[in-house]
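Welcome, and please open your viewer. We will go from stop to stop, and at each one you will hear what to select and what is there.

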Amino acid sequence: MFGFLKKKKKSLIAMDIGSNVVKVLRLDLNEERPVVTHFGMKDLPPEAIVDGEIMDRELVIQIIQDCAAEAELPNEPVASAVAGRAVIVKKIVMDKMSEEDAREAIYWEAEQHVPFDIDDISLDFQVLQEDVGADQMELMLVAAKKDMILGQAELIREAGFEPRVIDVASFANQNSWEFLQKGIGKTEVAPESEVPAAEGNDNIDDFADEVDEMPEPAEANAEFVALLDVGGGVTNVHIVREEVPYFTKDLPLGVAHFTEEFQKQLGLTWETAQQVARGNLEGVDRDLVQDIVRNVGSEIYKGLEPSLSYLKTAGEADGIDRIVLSGGGAHLPGLREYLAEVYSIPSEIADPLAMLDYDADLFADGEAKHLSPLLTVSIGLALREGVAS
Ligand SMILES: Nc1ncnc2c1ncn2[C@@H]1O[C@H](COP(=O)(O)OP(=O)(O)OP(=O)(O)O)[C@@H](O)[C@H]1O
Ligand SMILES: [Mg+2]
């Protein structure tokens with residue numbers, strides 16, 4: 001009612017349910033720099049989520065609850081995310097029309113571009129160019145599978161929380177990176193992105209809100225940035241330029257594959273091999289570790305090639321200009337250097353905590369710096385502030 005009074009920003013609790021680790025995080029968004037007020041993280045046993053599919057629902061729910069209890073989370077609405085493999089980002093050209101009409105027509109258009117049944121997906125888009133000649137306009141189309149979104153919402157509900165936003169992990173990752181770039185959080189939860197309380201509502205349009213809010217198309221000299229989230233089981237490649245996502249894809253290769261090779265080739269226990277993956281090289285042959293990282297890492301390089309060819313063929317870019325590594329794999333010894341070398345471009349490790357304030361007690365001694373790259377998705381979700389009251 002009193003719009004001139006400063007509204008308080010409501011926090012959403014971020015829940016990043018990865019294939020290896022569950023993370024919960026809450027930010028107070030009312031300070032100049034957002035403050036981490038709650039944080040918790042728990043490992044998931046390898047059999048709980050396999051290839052992105054939840055195999056043991058009860059166990060996952062239990063671990064979410066344990067994590068929430070340990071972090072002493074308040075029971076506030078949740079922002080969570082589904083994995084990138086449920087999502088397709090594609091540039092399309094269609095007849096010129098108003099945005100409102102396009103919202104309807106997009107479903108017909110998408111049929112030609114998305115390899116899923118149109119009834120099974122949620123769609124969003126952004127107009128990139130209003131006029132590309134021949135009475136056509138250019139859009140960035142984002143399609144996400146509804147069953148994944150609804151399944152994730154149900155999981156959160158079963159864990160005792162209210163799912164308010166179901167995002168896509170790669171878009172949350174993008175959000176936290178943009179926040180880091182700018183030093184401010186920007187996206188607000190659009191009403192249509194809210195998850196309805198009732199089950200079975202298939203009009204859910206609840207992902208990638210920022211597609212609506214993205215600014216005008218990029219300048220010609222803007223950088224193409226490859227956000228590489230090397231998680232436990234998969235690596236998500238998300239290519240953006242000036243806040244526009246150009247490509248998103250999951251590669252079936254994560255920290256576990258590196259760990260297996262360390263275990264085999266260095267004759268280590270799984271636990272010690274895991275330590276090596278986290279950058280602890282005490283008592284191991286460093287040269288061999290480097291070789292293994294380069295060898296397994298070359299699979300990421302190969303996996304990236306089709307996306308780069310796609311960008312080149314589409315006349316978008318000669319290549320990527322920068323790599324930003326996140327996820328547990330950011331600590332793999334020598335991976336960042338290897339990628340910088342093969343692409344001859346700057347490669348950095350994401351550090352989203354650097355832009356936030358937090359009580360040192362929230363993290364064990366010296367752990368914050370180490371955990372920071374693992375928190376890009378959680379922080380990107382927690383920045384999606386709730387509707388102001
Ligand atoms: N400090 C750490 N704590 C926990 N795991 C770590 C840490 N450092 C590195 N890792 C490794 O990173 C992996 C977890 O990374 P991350 O949290 O990004 O995965 P995830 O989000 O669960 O997986 P995905 O995104 O593939 O579903 C584990 O395999 C783990 O061994
Ligand atoms: Mg992850």
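At what angle do H6 and H8 pack, and how far apart are their axes? The angle is about 140 degrees, and the axes are 10 Å apart. Axes here are lines fitted to C-alpha atoms, for helices over the stretch in contact, and angles run from 0 to 180 degrees between N-to-C directions. That makes H6 oblique to H8; angles under 35 degrees count as roughly parallel, over 145 as roughly antiparallel, 65 to 115 as roughly perpendicular and the rest as oblique.

Before you select anything, a note on what is on screen. This is a predicted model, in which local features need pLDDT of at least 70 and side-chain atom pairs count only at pLDDT 80 or more, while totals for chains, interfaces and linings use all residues. Residues are numbered from 1 along each chain as its sequence is written, and chains are lettered from A and ligands numbered from 1 in the order in which they are written. Helices (H or I, at least four residues) and strands (E, at least two) are DSSP runs, numbered from the N terminus.

**Stop one: H6 and H8.** Select His-257, Phe-258, Glu-261, Phe-262, Gln-265 and Leu-266 of H6, then Leu-288, Val-289, Ile-292, Val-293 and Val-296 of H8: these make the contact. Residues are in contact if their C-beta atoms, placed from the backbone, lie within 7 Å. By class, this contact has eight nonpolar, two polar and one charged residues. Ala, Val, Leu, Ile, Met, Phe, Trp, Tyr, Cys and Pro count as nonpolar, Asp, Glu, Lys and Arg as charged, and the others, Gly among them, as polar.

**Stop two: H8 and H9.** Now pick out Val-293, Arg-294, Gly-297 and Tyr-301 of H8, which meet Leu-335, Tyr-338, Leu-339 and Val-342 of H9.

**Stop three: ligand 1.** Select ligand 1, which 20 residues surround, the closest being Gly-18, Ser-19, Gly-231, Gly-327 and Gly-328; a residue is near if its C-beta atom, placed from the backbone, lies within 6 Å. The shell around ligand 1 has seven nonpolar, twelve polar and one charged residues.

**Stop four: the sheet.** Finish at an open sheet of six strands, in the order S10-S6-S1-S2-S3-S16, with mixed pairing; two strands pair if DSSP finds at least two bridges between them. Zoom in on Val-36, whose bridge partner in S16 is Tyr-358.

Technical notes. Two residues are in contact if their C-beta atoms, placed from the backbone, lie within 7 Å.
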